[in-house]
Structures are given as C-alpha cells and as structure tokens.
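Let's look at a protein together and see what its side chains are up to.

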Amino acid sequence: MALAYTFQCFCQRVRQSPSSSRAGPEPSDESPADMVKMTKSKTFQAYLPHCHRTYSCIHCRAHLANHDELISKSFQGSQGRAYLFNSVVNVGCGPAEERVLLTGLHAVADIYCENCKTTLGWKYEHAFESSQKYKEGKFIIELAHMIKDNGW
C-alpha cells in the first residue's frame with residue numbers, strides 16, 4: 001500500500017511539473033492506480049491486510065488467500081490434503097478441462113502462482129452433478145504449496 005501511495009505521489013509530481021527539454025514519453029490519461037498495475041515494481045499483484053491470517057505460496061511467499069475466505073479443510077488434491085476457498089489472489093488460471101475427481105466429473109482449470117508460476121491447485125468451473133454445484137467458481141489450493149502467515 002505504501003509503495004502504491006509513493007508511486008501515486010511520484011506520478012502526480014511528474015504530471016504537474018513543467019515539461020522538460022529531454023525526450024521522454026508523453027503523459028498518459030491513465031490514473032496512477034492503473035500505472036501501478038502496469039509496473040513491475042511490486043513483487044505481487046495484490047497484498048492482503050497484515051491484520052488478518054493469510055495463506056501464502058510456500059515457494060515465493062506471495063499472498064494467496066485470506067482465512068476468512070476458507071470454506072473447507074477437508075479436500076483432497078493430487079498431492080495430498082487441500083483447502084477450498086471462495087476467492088484467491090495472485091493466481092493465474094489455465095484452460096478448463098473435464099476431469100473425473102473423487103466427487104465425480106467436473107470442469108476445472110489449473111491455478112498457478114502469478115509470481116513463481118508453481119501450480120497450486122485448481123478452480124472449479126463447472127460441476128456436472130447437482131450435489132457438487134456449490135463448488136463452482138471456488139478454488140482448491142493444496143497444502144503442499146501454501147504456508148500460513150500473519151497471526152497464526
């Protein structure tokens with residue numbers, strides 16, 4: 001958050017200063033928040049609040065999920081136990097494909113850490129059985145790929 005604020009202040013100063021004689025990019029109409037998203041100065045795309053218990057990537061410590069988003073700890077991943085979350089951050093999604101899991105046929109997309117590109121689990125895109133519909137749009141992260149942070 002502090003980095004974003006610093007970058008916003010810097011961008012505002014650059015826009016407010018008189019144009020200099022040196023060649024450079026023209027000022028854009030993008031907001032400072034949009035400019036922060038485009039830069040590589042941040043290690044992670046999103047940071048979760050420090051006051052909450054969070055889960056992070058065990059390989060690079062990128063934030064993945066807030067404890068408040070945890071639905072269940074009783075899931076099975078391909079490499080052991082896994083947790084089901086309502087929402088996650090700093091993850092990318094691969095293409096959806098149909099897989100037969102322990103609970104039946106689902107359309108799932110692998111999710112990976114945006115920072116280190118490690119496959120973490122999957123996102124449920126579609127459940128074919130009515131009893132499994134609650135999983136649609138939810139995320140599985142395997143315990144082998146995450147660590148607890150902040151106040152555990």
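Here is a short chat about this predicted model.

Student: How many disulfides are there?
Tutor: Start with Cys113, whose closest cysteine sulfur is in Cys60, 3.5 Å away. A disulfide needs the two sulfurs within 2.5 Å, so that distance is too far for a bond. By this rule, the count of disulfides is zero.

Student: Let's talk rings. What kind of aromatic pair do Tyr55 and Phe85 form?
Tutor: The structure holds four aromatic pairs, and one of them is made by Tyr55 and Phe85, with 5.3 Å centre to centre. Their planes are 65 degrees apart. Because planes over 60 degrees apart count as edge-to-face, this pair is edge-to-face.

Student: How many residues apart are Tyr55 and Phe85?
Tutor: Tyr55 is in strand β1 (residues 54–57), while Phe85 is in strand β4 (residues 80–85). The pair links distant parts of the chain. The separation is 30 residues.

Student: What about the pair of Tyr83 and Phe85?
Tutor: Their ring centres are 6.4 Å apart, with the planes at 50 degrees. Planes under 30 degrees apart would be stacked and those over 60 edge-to-face. The Tyr83 and Phe85 pair falls in the remaining class, so call this one tilted.

Student: Which residues do ring pairs link into a cluster?
Tutor: Tyr55 and Phe85 are both buried, and Tyr83, at 4% relative accessibility, counts as buried too. Ring pairs link these residues into a cluster: Tyr55, Tyr83 and Phe85.

Student: Now the surface. Where is Phe128, and which nonpolar patch does it belong to?
Tutor: Phe128 lies in the loop between β7 (119–127) and β8 (139–142). At 39% relative accessibility, Phe128 counts as partly exposed. The surface patch has about 280 Å² of accessible area together, and its members are Val100, Leu105 and Phe128.

Student: Last one! What is the phi of Arg61?
Tutor: Most residues other than glycine have a negative phi. Arg61, in the loop between β1 and β2 (63–66), is not a glycine, yet its phi is positive. The value for Arg61 is about 65 degrees.

Key: Residues numbered from 1 in each chain as written. Predicted model: local features only at pLDDT ≥ 70, side-chain atom pairs only at ≥ 80, totals over all residues. Heavy atoms only, no water. Patch = residues over 30% accessible without salt bridge, like charges linked within 9 Å, V, L, I, M, F, W, Y side chains within 5 Å. Areas by Shrake-Rupley, 256 points an atom, 1.4 Å probe, with all protein chains shown as cover. Salt bridge = Lys/Arg side-chain N within 4 Å of Asp/Glu carboxyl O. Helix = DSSP H or I, 4+ residues; strand = E, 2+ residues; numbered from the N terminus. Buried < 20%, exposed > 50% of the residue type's maximum accessible area, 1.4 Å probe, protein only. Phe/Tyr/Trp six-rings, centres within 6.5 Å; stacked < 30°, edge-to-face > 60°.
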